Amino acid sequence: MAEGAHLEVDLGCGKGLFLTDLAQQFPAIKFLGVERQRERVMKCRKKIHKLQLENTEAIRSDCEEALAEVFPNSSVDCFYILFPDPWPKKRHHRRRMVNTEFLAKIHTLLKTGGMLRLMTDDEHYFCAMHDLCEAAPGFEFCDWDQGREFPTTDFQKLFLELGRPIHRVAMRKL
């Protein structure tokens, strides 16, 4: 990715449907997908290659490792965390991706004015994420869409077909 370019990152990009649709919609923006599962990364890369997307890459990495090693401070314009594992059992909540430390790291990596967009079907996790975001210093809540139309993710399609509500929250770095 070109240094200083507008960069948007999909953490947990899965097979890349959202990522590649977004990249096609905004060819002037650089996109990076981060995914832990090898098979999903390979499927995402195949889509990128098939669609000849010059503005998009996908890497295989744990999200925490990628945040620690891939991105310089103040280098990202937007992070997407879409349908992270909610770890619904109370004893597993410590495994959730969105926590105080995670939000502090995201804040460091975002450019001023950069966005964090979170989406989930799990109401309890959404409430927890919302509370964490509200308490996170250096952010303000903002409109999720901000006049942009976003593609639908595989999980979003599934949950909408099941009649489950989709919860979203967006934050801007001050």
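**View 1. Surroundings of Leu-11 in a predicted model.** Beyond its neighbours within four places in sequence, Leu-11 is in contact (heavy atoms within 4.5 Å) with Val-34, Cys-63, Leu-67, Phe-79, Tyr-80, Ile-81, Phe-102 and Ile-106. Residues are numbered from 1 along each chain as its sequence is written, and side-chain values use heavy atoms, without hydrogens and water. The model is predicted: local features need pLDDT of at least 70, side-chain atom pairs count only at pLDDT 80 or more, and totals for chains, interfaces and linings use all residues.

**View 2. The largest nonpolar core.** This core has 29 residues, and Val-9, Leu-11, Val-34, Phe-71, Phe-79 and Ile-106 have the most contacts inside it. A nonpolar core is a set of buried Ala, Val, Leu, Ile, Met, Phe, Trp, Tyr and Cys residues joined through side-chain atoms within 4.5 Å; buried means under 20% relative accessible area (1.4 Å probe, protein chains only). Elements giving two or more residues to this core include S1, strand S2 (30-35), helix H3 (63-69) and helix H5 (123-135). Helices (H or I, at least four residues) and strands (E, at least two) are DSSP runs, numbered from the N terminus. Another core, of 22 residues, lies apart from the largest one and has Ala-23, Leu-53, Phe-159 and Ala-170 among its residues.

**View 3. The open sheet and its edge at S6.** Its 7 strands follow the order S3-S2-S1-S4-S5-S7-S6, with mixed pairing; strands pair if DSSP finds at least two bridges between them. Strand S3 (56-60) and strand S6 (139-142) are the edge strands, each pairing on one side only. S6 and strand S7 (residues 167-173) pair in the antiparallel sense over 4 bridges, and Glu-140 stands opposite Arg-172 in S7.

Methods
Buried means under 20% relative accessible area, exposed over 50%, partly exposed in between (1.4 Å probe, protein chains only).
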